[in-house]
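Grab a pencil and work through these exercises with the model open beside you. Try each task yourself before you read its solution.

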Amino acid sequence: MENRFMTLTLEPEDVRACKLHLPIQFMRANGIDKLGKITLLGKDGINCSAYRLSRDGFVALGIGWKGFCETNGVQTGESFSLEFIYEEDATPVFRFCSKCGD
């Protein structure tokens, strides 16, 4: 898959609201069309569960979202990368990286 990486910026309002917006083009390109659970996989096997609540890419995260980002080396205002890990008929998993190539 050639479009399995995306870079986003951790916005202060998204941290406060415990939300994330995944670009719809990215989701479609990777065949992610179902609403429901998404897993963000951080370093050292730490993960964060999220839920895709709308087809336009709105994802809700728990109150641990800010701590998950900090544990993985990302502060508010900084960029991070997500790598889609494809597994057929599985919950979508994204590897959370503080920098491209981590």
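A salt bridge is a side-chain nitrogen of Lys or Arg within 4 Å of a carboxyl oxygen of Asp or Glu. This is a predicted model, so local features need pLDDT of at least 70, side-chain atom pairs count only at pLDDT 80 or more, and totals for chains, interfaces and linings use all residues. Residues are numbered from 1 along each chain as its sequence is written, and side-chain values use heavy atoms, with hydrogens and water left out.

**Exercise 1. Find the salt bridges and see which residues they link.**

Step 1: Start with the idea that side chains of opposite charge can pair when their charged atoms come close.

Step 2: Search the whole structure, and you get three salt bridges.

Step 3: Take Glu83 and Arg4, whose closest N and O atoms are 3.0 Å apart. Glu83 sits in strand 6 and Arg4 in the segment before strand 1, so this pair ties together parts that are 79 residues apart in sequence. (Strands are DSSP runs of E, at least two residues, and helices are runs of H or I, at least four, numbered from the N terminus.)

Step 4: Glu83 also pairs with Arg95, with 3.1 Å between the closest N and O atoms. Here strand 6 is linked to strand 7, and the two residues are 12 apart.

**Exercise 2. Explore the largest nonpolar core.**

Step 1: A nonpolar core is a set of buried Ala, Val, Leu, Ile, Met, Phe, Trp, Tyr and Cys residues joined through side-chain atoms within 4.5 Å.

Step 2: The largest one has 24 residues, and Leu20 and Trp65 are among those with the most contacts inside it. Strand 1 (5-9) and helix 3 (65-71) are among the elements that each supply at least two of its residues.

Step 3: Now zoom in on Leu20. Leaving out residues up to four places away in sequence, its contacts (heavy atoms within 4.5 Å) include Leu8, Phe58, Trp65 and Leu82.

Methods:
Buried means under 20% relative accessible area, exposed over 50%, partly exposed in between (1.4 Å probe, protein chains only).
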